[in-house]
Protein chains: 4
Amino acid sequence: MSGAPAARLPREARDELLGRVRAIVRERLVPLEPEFLNRPFREARAALDAVRAEVKAAGLWAPYVPRAHGGLGLALADYAHVSAELGWTPAAPYAFNCQAPDVGNLELLLAHGSEEQRARWLAPLLRGDVRSCFAMTEPGNAGANPVLLDARARLEGDSWVLDAHKWFTTAADGSAFAIVMAVTDPEAASPYQRASMLLVPMDAPGVTLVRNIRIMGDPGEDWASHAELRFDGVRVPAASLVGPRGAGFALAQERLGPGRIHHCMRWIGTAERALDLMCRRAAGRELGGGARLGDQQAVQHWIAESRAELDACRLLVEDTAERMDREGQKAVKERISLIKFHVAGMLQRVLDRAVQVHGALGLTHDTPLAFWYAHERGARIYDGPDEVHKSVVARDILKRYRA
Amino acid sequence: MSGAPAARLPREARDELLGRVRAIVRERLVPLEPEFLNRPFREARAALDAVRAEVKAAGLWAPYVPRAHGGLGLALADYAHVSAELGWTPAAPYAFNCQAPDVGNLELLLAHGSEEQRARWLAPLLRGDVRSCFAMTEPGNAGANPVLLDARARLEGDSWVLDAHKWFTTAADGSAFAIVMAVTDPEAASPYQRASMLLVPMDAPGVTLVRNIRIMGDPGEDWASHAELRFDGVRVPAASLVGPRGAGFALAQERLGPGRIHHCMRWIGTAERALDLMCRRAAGRELGGGARLGDQQAVQHWIAESRAELDACRLLVEDTAERMDREGQKAVKERISLIKFHVAGMLQRVLDRAVQVHGALGLTHDTPLAFWYAHERGARIYDGPDEVHKSVVARDILKRYRA
Amino acid sequence: MSGAPAARLPREARDELLGRVRAIVRERLVPLEPEFLNRPFREARAALDAVRAEVKAAGLWAPYVPRAHGGLGLALADYAHVSAELGWTPAAPYAFNCQAPDVGNLELLLAHGSEEQRARWLAPLLRGDVRSCFAMTEPGNAGANPVLLDARARLEGDSWVLDAHKWFTTAADGSAFAIVMAVTDPEAASPYQRASMLLVPMDAPGVTLVRNIRIMGDPGEDWASHAELRFDGVRVPAASLVGPRGAGFALAQERLGPGRIHHCMRWIGTAERALDLMCRRAAGRELGGGARLGDQQAVQHWIAESRAELDACRLLVEDTAERMDREGQKAVKERISLIKFHVAGMLQRVLDRAVQVHGALGLTHDTPLAFWYAHERGARIYDGPDEVHKSVVARDILKRYRA
Amino acid sequence: MSGAPAARLPREARDELLGRVRAIVRERLVPLEPEFLNRPFREARAALDAVRAEVKAAGLWAPYVPRAHGGLGLALADYAHVSAELGWTPAAPYAFNCQAPDVGNLELLLAHGSEEQRARWLAPLLRGDVRSCFAMTEPGNAGANPVLLDARARLEGDSWVLDAHKWFTTAADGSAFAIVMAVTDPEAASPYQRASMLLVPMDAPGVTLVRNIRIMGDPGEDWASHAELRFDGVRVPAASLVGPRGAGFALAQERLGPGRIHHCMRWIGTAERALDLMCRRAAGRELGGGARLGDQQAVQHWIAESRAELDACRLLVEDTAERMDREGQKAVKERISLIKFHVAGMLQRVLDRAVQVHGALGLTHDTPLAFWYAHERGARIYDGPDEVHKSVVARDILKRYRA
């Protein structure tokens, strides 16, 4: 993230830490699920903020942030385990200040923010006093192709003037600022050096939250939302660049690497919960005649297949995180694409089985399964659709055969 | 439905009829999708009711209802084609008064309702002046096993007194009456002869709509809802039985046969729409460099596989409807179970591919794909989960090998 | 095939015919399976030839051949049903003179053969006195791409001189003649008009059967084989062209259309047999404690899924055959590609399940399952791999969206 | 295997060892594939025995055998890596004296053989002078259920008299002895204590090799075979028991644990080879117009998915081997069932894709793909079918939910 990679915790220390995280997740946050799943986010926020205070008091706040900045300074391979714990219930990342997209923005500003950006924007973000968003995807353009970005920022005097139309900007509703990808250098030779990142206060004139986008029936709001945004002639100071001019794509890539590992480990925690719910239902649901749902061979096979896929995915992501700590992000680029699609596919299959085992109940918000089934359908799309990642991996592999 | 089976239309007459249905569906109802998909149902209802008036004026109202009762009197095999047209957009069944669960209740009352029930309840239902619901599923019991029904009705004087806890009662919100499955004869020798159907006005004292159940984030309301209901000591006249006492399961089975064919053909229409959207997106979306999404082999393969599965499923359901017209419901019992799971599986795969082709857009309510992806996940669960239908089919087949 | 399309049989006549075919297949040919599956083909041939005589005596010989040429003159849609019966056991096509590749060659020579070719080569083929092969695929070139054909024939005086290296030439071992695809006009403007078909006696000087290619362990011989062939400077008379010069690809396409329907219906018969074996095993195999294999839910689900896929595929192929009879081959080109991959996929899944239900027995040649599992793996490859057919279908569909 | 668990090698030592194994596998054994795949085993054996001598000379013989007995004494977790190397080509296990079923018999005799058994039978087995087999599966009984064993041995004087009908006895053809599972104590209270293991010389009177069973067309012989055997009144000395009387099932279970890890790692090596062949083909095969097979998105996706599944499976098996070394076989019982079905499924998918990428070539014995496709279809059946292992895993998991 910044400076030397963090050292791994000794195993006992890590397990002790995970135990404390787990206790808060399961004893404090799982009981809040009925409210989180059935009420608008703003109504659930007070209760979640109370847990945030407990998390801080317990010294578990922002575990991936360096100690110097108030976090636990965990190595990625240790944080991955925390992330899996946080996947257990939908609001846990928020409660530990580990929620997307703030994590990614924190990392960006820690590594590339100016003194002033750190003081004014990073500090309250680290404290959890504000939230932020990251505006990259555009409605008219395939997300995966950088050449197709329409957002434009031009330097006028000592201001950037930004025109952009973005969507799927997660958590924009209620954010203090956005980091916006826009083309600043349309004539740059390489299409990969045309865009920059701009830090834009959300209350700047010209910023409009067009709507929170309804995702599979969920209107969404506040942190739990994805917005369509317009930036019409928005003026920000020249010093609003995050990182160097033209470095937008390079930084976006840098931002995505650890982010994908966070996602993957969170999905693993979510799949663990789905499997746990599946097993509870299978063990408890009576079918008449003394039989239980778990006596059905189809249900048994779903449980066994889910256990196998989950164990295999977990080891794969842990191995990737360890290698990234050891060898750096570039060395595991292909592996990160690989886990992105592989774990997302596993998650969808496990959720689908868990829903089916729950029958009609699985469609309701009486468990978090339906929430995940609907919202994590995006896992195969966001941060690059499966199809792109698979081709990236294959082309890398095939290069070695053509040499 | 009642009396002799309806005669098939000549092919030209059928195609002419389908063309008129299709015109209303695509020209009048598709434009209402943004409102239907993004606003509470009650806000969209006025526009839909205007289309209902047009449907009546065009002589297309309630096509499966015998001519003597104001419908078109279509044979099942002809109605199946209409049903496929109605699957094209989510509100079409409502606009043609073909919506579940009213269709099933209409069929029940036409075949088994008393004179009084027909006059008081069936007539306004046929006109579309009221809606109704069917309360069978219970939260504590596996839907597929009749022995596990907890609802009880006992005869006190000339009243039935009903105690029941039901859920997933589709469209209960705003319904004029419910048909409720309850055990009336707990001591009957056969567990299949213990329950009866009771017609219960929704405004009877003791009827409580506990909640509309949130389905994958969609709160639901009015017709577009699934309710949890309580019936606490609800009294209705002795004459409220629909059909004979103890015949509840027999009638429920009778109700489900054509209902499953309606569902299956509606799903086929929905899958056709999903494939159409997929193709539009593939043909139109540019990827840069002159390439389009539809040039990608993965997308091509999804289109071809969807076309193949759809054509095969359509022929299978049509064949089943024709055989049911010709040979009766009993003769095609195994086939109806078979199409139930087979078509539901096809629908889910096609919707999943269509979502993926749309990327982030596929998760929004800017197309109906996300609505269906979330709501039709239930297709593999309601009216009997896949697993039950598969075992039913296999056991029937294996019986022939043990003879 | 030639002249006006054949008329459909009345249903009763068709069913009577199918019953007689079925009787020979099940009573005479199934008992020969142990020998066919475990001994070299030449050792089984005498018994098969005895059945051939019975087939002729019963008036069932070569049912797709016009009556004027000694067959039954069936319409494609009727022959499709016969083909399904013949799929029941591996040697049935041979016994009815319906075996690939002779069927395709017969159709070619009936439609395009010269008087002399018909007298000398077609007549004994029709009688079953000789066999033939069709040499198109080349080891160095992707089968699906006509531009990549290396075989060359040049006219020298009144002879063609042929140089070619072919493989996967089915049944070349023991054939009297081959029809060989070779480039005769390398300079033709369209790459689709460069090749012609040549009739080459297998005993011509320069023809070498390099080897019968071992397919998944089966060495293969005689009709039940696939050969690698070399044609080194083979000279045949100028009149050896089948059809016009440069028409090779057009005729190959013409040949493939009905051939794919034959294949698909044969696969359906094979899948029916696999399902039948699966059910027999499930119904008969005891697991101890009074339970049978068919009581296992996994086995039940495989049976039900296989039944559903089979019924759907059968209707799809029948519908295609009827449309081809009615509207001609060109009108159903897309549909033929579609059934090719869809039915091949179904066959592989059903065979895989049937093998699994049989356990170790499923791997042996004590049933025909292993033979089909190994040999019909090619169904997804020969006559165009799945991937090519899927893209063909999708591109045809997408064209309609770009208009 | 016997005594204290072996210590792990330092990483460098292990990698050096693996490098030497790999060199022999790829440089000496891969070139023998054409002969191994296309000729009867006995014709290939001389060349393989020459490699055996080199393996011995290189000090790589029987790596899993304790140093005291002439092996390398590898820990299971180290041997697992060797096993993956040996999966690269079909004859490699034979060349390193690591072939099933001899490995399992070696382990049995090392742990439970009498002094005499070790001297007479184990010693030549360790040297590779003889081969052996393990006769458990019976044609009439479901392999997975011990209660259904028909083989009987009764003590007459100081001899056991054995009557048994076995099949799928791998490598019986040419074996010096068999270890036979038979019921010796039919009245034992527990059905799990009724059977014993008997060491039976294959040349004992009454032992008949009925046939080598044809597996998907491959007749099989010598080591590369699976036999049907009869034991009719075969007399062996009372001292022929391997391990205690009644301990047959306990020992069979003990034998299977490490055996399944060996299998799984061998399959991983085989899948690696299949993926390597897939990539070579994709990178090298031209499609015309400058395009290569590997430019096709479908092929890219197969490569990426195979890489992902392979990496995940490899880590899962390595993790299991390490835990077994550390915690013992009992602690990983559930995990061993889990990897058995999970890795077998991965292998089949990767082989299927590799065959498809090779087109017709993939069906031939010009690569080892077809051999594996046919022979490793058994991977989902032998040592317990997938369905049994999945239910075992699920029931173990569900137990924890019922406590």
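Modeller: Helices here (H or I, at least four residues) and strands (E, at least two) are DSSP runs, numbered from the N terminus. This is a predicted model, where local features need pLDDT of at least 70 and side-chain atom pairs count only at pLDDT 80 or more, while totals for chains, interfaces and linings use all residues. Residues are numbered from 1 along each chain as its sequence is written, and chains are lettered from A and ligands numbered from 1 in the order in which they are written.

Colleague: Which hand does the crossing of H9(C) and H10(C) have?

Modeller: That crossing is left-handed.

Colleague: And what makes H9(C) roughly antiparallel to H10(C)?

Modeller: Helix H9 (residues 297–327) of chain C packs against helix H10 (residues 333–358) of chain C at about 155°, with axes 10 Å apart. Since angles over 145 degrees count as roughly antiparallel (under 35 roughly parallel, 65 to 115 roughly perpendicular, the rest oblique), H9(C) is therefore roughly antiparallel to H10(C).

Colleague: Which residues make the contact?

Modeller: Contact needs C-beta atoms, placed from the backbone, within 7 Å. Among them are Trp302(C) and Leu310(C) from H9(C), and Ile339(C) and Met346(C) from H10(C). By class, the contact of H9(C) with H10(C) has twelve nonpolar, three polar and five charged residues. Ala, Val, Leu, Ile, Met, Phe, Trp, Tyr, Cys and Pro count as nonpolar, Asp, Glu, Lys and Arg as charged, and the others, Gly among them, as polar.

Colleague: How are chains B and A related?

Modeller: A 180° rotation with 0.0 Å of shift along its axis puts chain B on chain A, RMSD 0.0 Å. So the two copies are related as by a two-fold rotation axis.

Colleague: How do you know that the copies meet through the same surface?

Modeller: Because 100% of the interface residues of chain B are also interface residues in chain A. Each of those two chains gives 36 residues. H11(B) brings the largest share of chain B's side, four residues.

Colleague: How many residues does chain B use against chain C?

Modeller: Chain B gives 30 residues and chain C gives 30. On chain B's side, H9(B) has the largest share, 14 residues. That side splits into 16 nonpolar, six polar and eight charged residues.

How values were computed
Axes fitted to C-alpha atoms, helices over the stretch in contact; angles between N-to-C directions. Left-handed = near helix turned anticlockwise from the far one by under 90°. Least-squares fit on C-alpha atoms with pLDDT ≥ 70 in both.
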